[in-house]
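Hi,

Here is the structure I promised to pass on. Have a look at it first, and my notes follow below.

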Amino acid sequence: MAGHRFYKQGGVIKGMMEGMVVSFHPLFRADRNLICAGRDPGPNELAAIRNASAVVLPQGCSQQLYQMARENCLHVFPNYDARFQYPGKTGQVRLFRETNTPHPETEIFRNTSDFRTLYPDDAYPAFPIVFKFDWGGEGDTVFLLQTPSDLKDLLQHADRCEASGQHGFLLQKYIFSGNRSLRVAVIGERTFSYWRTHAVEDRFHASISKGAKVDLTSDPVLKQKAEELVADFCRRTLINLAGLDVIIAEEDSRKPPLLLEINYFFGRVGLGGSEAYYRVLRKEMRRWLKCVGG
């Protein structure tokens, strides 16, 4: 790829190289444009990828499409290696552990049987504690538990989920953060961060979908520490498109920020809305193409 250049013509990225740039992203036009939404990729997609010098994928690409691109083209954006190698919330915790990334103390359970083996005879961890199912987003499968009765109810719900094929959950130490968390959005080489804060003191969830407000300016020193944590993590994992959630203990801001979750689908309110997000994304895609093209 060294020595090749890219140029923009009529809104289309043209590859001045042997081969071509293939885009599967509906809002990013390249030499060849394909849509693979709602179906598995087939021979036509494979042939295009094999003939490509670079491939641009949609944010919601399937694992099949991503693997096809990674196995048959040297340059693929975004880098979703971590997303598919460490799936779900339990996978993310394993990734945090393997990279020695600070995160809340966590116990991972494949199923309720694992929990009952570790905590037999009505033994329980210390409360309050956070219970997270392995799936879901926007806080819909995350619960703050105050009592053994709360945990018993969720374990029964987990039993029902396992009967339908969904399994896996984790228990995480509760970090009191003053009803707020920091979202750090990584888009290519750019980073955007903002607090999500609840005015209601007893409100646990700090997601915008649950009523939290965006705060762009508070505590810049703490924001910088969180951004440095995320930047180091993304350098080591090659993540270049995600919204990462960071929490900081309110009782002692000298403690290091902790990484909570990686969101490969993330809201755009704090980024100025969808149009602003796509402007940045397209610019970063073009920057990436120039970088890999030399």
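Which residue in strand 4 is the bridge partner of Val22? It's Arg32. Before you read on, keep in mind that this is a predicted model.

Val22 has a partner on another strand too: in strand 5, it bridges to Val55. Strand 3 (residues 20-23) pairs with strand 5 (residues 52-56) in the parallel sense, over four bridges. Strand 4 (residues 32-33) also runs parallel to strand 3, and two bridges join them.

Now for the side chains. In a regular strand they alternate between the two faces of the sheet. Strand 3 is covered on both faces: Met20 and Val22 are buried on one side, and Val21 and Ser23 are buried on the other.

Leu216 sits in the loop between strand 13 (213-215) and helix 7 (220-237). Leu216 counts as partly exposed because its relative accessible area is 49%, and exposed would take over 50%.

As for the whole protein chain, it has eight helices and 15 strands. Of its 294 residues, 50% count as buried. Its accessible surface comes to about 14700 Å², and carbon and sulfur atoms account for 49% of that. Among contacts between residues at least 6 apart in sequence, 57% join residues at least 24 apart.

Cheers

Terms used:
Residues are numbered from 1 along each chain as its sequence is written. This is a predicted model: local features need pLDDT of at least 70, side-chain atom pairs count only at pLDDT 80 or more; totals for chains, interfaces and linings use all residues. Side-chain values use heavy atoms; hydrogens and water are left out. Buried means under 20% relative accessible area, exposed over 50%, partly exposed in between (1.4 Å probe, protein chains only). Two strands pair if DSSP finds at least two bridges between them. Contact means heavy atoms within 4.5 Å. Accessible areas come from the Shrake-Rupley method with a 1.4 Å probe; for residues, only the protein chains shown count as cover.
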